[in-house]
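Student: I have a structure to read and would like to know what stands behind the words used for it. Can we go through them one by one?

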Amino acid sequence: MKLIFFASLLLPLLLLHANEISLEEDFLASLDEVSDIASKSKLNIDDMPSFVTILHGNKLELLGVQNIYEALGLVPGVELSMEASGAKQVIFRGVKEKGEVKLLIDGVSLNNAYRGSIYYYLDFPIEMVERIEVIRGPGSVLYGSNAISGVISIITKNSKTVSPNRIFATASTAPSYKTGLQYNYNLSENSRLSMDGYIQNDDIHIDGGPDKAERYGESDETLRDYALGMHLDIDNFTLLARFKQSQMGMHFGIGNYFESKNDKEGHTNTSAVVEANYEDEINSHLGYKLSLGTNYYAQKIETRFLPHPTQGDLIYDSDYGENSYYGELTIHNTIQNHALIIGARYEYSATQKTSLENYFEPTGETYLPSTDVIKPDSDRSIASLYINDSMTINSDIDLIAGIRLDHYSDFGDALSPRLGIVWRADSQWNLKMLYSRSFRAPSWVELYADITGVSAGNPDLDAEVADTIELGTVYRPSSSHRLRFNIYATQIDNLITREATHYQQTGKNSYYGGEAEWMATLGSETDLKLAISYVDAIDDNTTTLPEIANILSNITLLHSFDFGLSSGSVLKYVSKRSRAYNDEREDLEAYLLFDQSFTYYYEKIKLSLTLKNVLDTDYAYSAPEGTYINDYPRLGRSAYFSAGWEF
């Protein structure tokens, strides 16, 4: 297989021809990438103090990327991991705690109040994504809670003004399959209706163990996932809606015990969002946007939690739901050298159901007296006011300043300021500096958990607060090369941790690191990107934080040929990860992954073959001490076959 590996890397460079699929045009356009994620004013990402990465859906498909989760692994400073239950983790800049990353889809926030989770959207298929915009670092001034280590904004093809109709399907040896549809209909000259939907089914099982009970077995990584989306544009009015539900196997078990063969259904996550927007211009300098929406989230867990030698299996059934309603008014004003954004938002959230049943099977004996996962009838209101100004001081210097005040009914206030500067030293160099404060509101589990002997919330918790300083540069030696480099330091105070069964607020963590991206076109048909990052994460005793890779790197190579064929190569490196202080196991080994994809276009038809983990590398995500000795092993070599038709 090593021969295949090297041949796959060399093949694009050995067959350089004039291309029909122009990567050069896409690359040159990406050098002047425009985004509003960091300022809500459309700016070139190199002229923003924030550090932004943009991933394009069409290129991700050519690289064989299957979903949002895989795509984020290509962002500098982002490590992929997983909890025992199968909940996917995206670790930005070494920050592994739950709820530190903000996720939006078509501008709608998806983080729930229950745990601040986003994992149930990370399996969203890449075929339905126009682009992914990522802030590496804080973003609370514009996005509020959870935007401590990163902000992820998914822009779907549904939201595009012009997008072709499309059917797509993928099957793999994993085994898994997915199929989906995107359809657009012009109602009138200024009116458009777009709809999309997909179904995904995985039946993956991976041998592992021994587990916490010293048994060998296989993970249950089955997935039944589907979603429906709608986007309606009528003049200045927009209505969007999306429903998504996924039912997952329990992977390695929520208690780090393999489930028995006759296990329960696993966990089901349901998300439904509806948002109406009206946007208009008062005059050439002044405009506004009014948004009204609702966001529903539910999680149902049905699993065998713990084997018992005499009473049978412990069955854990929880049924949780929450709903939120919100309104937001944003005013944008462009006067002289200022691009001013003023926003006000109000949100109300409340639980719909919180029930918990736990009993032994087959005896039916109750294990714990608690009947709720958190305190029933929990609610929260949030009032927010923010202002952000992008100022052009002169032709060489831009300044950005912003501040946000959030008032939470259940813990109090959070103030989030930021100040940044961009200096265009000459035609080749941009220098950046940014200071920002961000926060994470305590989740309802941390505040109101109520499972006797297992989890107890603390209603006196305050928000976690993070201060970040970043310095960076952009170097443009020519029209076909670009280098971006930055260093940062982040300190998170008021950390919320769980000791035994209780949540408490103690200590701080610090993160120091650097990230670099190099983009280039080689000839007119080859697109090469290199990303590398380093992070040193320590606690308040200067002890290295465990289970975090210090070094991450990836290389992506896209090449198009003159007969409708393109090649996409991805090479990823993750350095070793240390263990917790009292964990006597050896460090988790570093690993190298290589994926190779080939895509053929014939008129409106696209056919693809992707080989994942070509080298069949043995690697694993870390498991806590005292659970799985050999951690959570990941999938070996697999092949994906895809087809798409535009009509």
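Tutor: What follows is a set of questions and answers on this model, which is a predicted one.

Student: How many of the residues count as buried?

Tutor: Of the 647 residues, 57% do. As for the surface, the accessible area is about 26,700 Å², and carbon and sulfur atoms account for 57% of that area.

Student: Why is S117 called buried?

Tutor: The cut-off for buried is under 20% relative accessible area. S117 has 5%, so S117 is buried. S117 sits in the loop between β7 (108-109) and β8 (129-136). Leaving out residues up to four places away in sequence, S117 touches K98, L110, N111 and N112.

Student: Why is I397 called partly exposed?

Tutor: Partly exposed lies between the two cut-offs, under 20% for buried and over 50% for exposed. The relative accessible area of I397 is 25%, so I397 is partly exposed. I397 belongs to strand β22 (residues 397-408).

Student: Which residues is I397 in contact with, leaving aside neighbours within four places in sequence?

Tutor: They are M391, T392, I421, V422, W423 and R424. The cut-off for a contact is heavy atoms within 4.5 Å. N430 is 33 residues from I397 in sequence, and their C-alpha atoms are 9.6 Å apart in space.

Student: What makes a set of residues a nonpolar core?

Tutor: Its members are buried residues of nonpolar kinds, joined through side-chain atoms within 4.5 Å. The largest such core here has 77 residues, and I68, L72, V90, I132 and I152 have the most contacts inside it. Another core, of 14 residues, lies apart from the largest one; L104, I135, A147 and V151 are among its members.

Student: Which residues does V90 contact beyond its neighbours within four places in sequence?

Tutor: V90 is in contact with Y69, L72, V78, E79, L80, V101, I118, L122 and I152.

Student: How many charged side chains are there, positive and negative?

Tutor: There are 53 positive and 90 negative side chains, and the centres of the two sets are 2 Å apart.

Technical notes. Residues are numbered from 1 along each chain as its sequence is written. This is a predicted model: local features need pLDDT of at least 70, side-chain atom pairs count only at pLDDT 80 or more; totals for chains, interfaces and linings use all residues. Side-chain values use heavy atoms; hydrogens and water are left out. Buried means under 20% relative accessible area, exposed over 50%, partly exposed in between (1.4 Å probe, protein chains only). Accessible areas come from the Shrake-Rupley method with a 1.4 Å probe; for residues, only the protein chains shown count as cover. Lys and Arg count as positive and Asp and Glu as negative; His and the chain ends are not counted. The place of a charge is taken as NZ of Lys, CZ of Arg, CG of Asp or CD of Glu. Helices (H or I, at least four residues) and strands (E, at least two) are DSSP runs, numbered from the N terminus.
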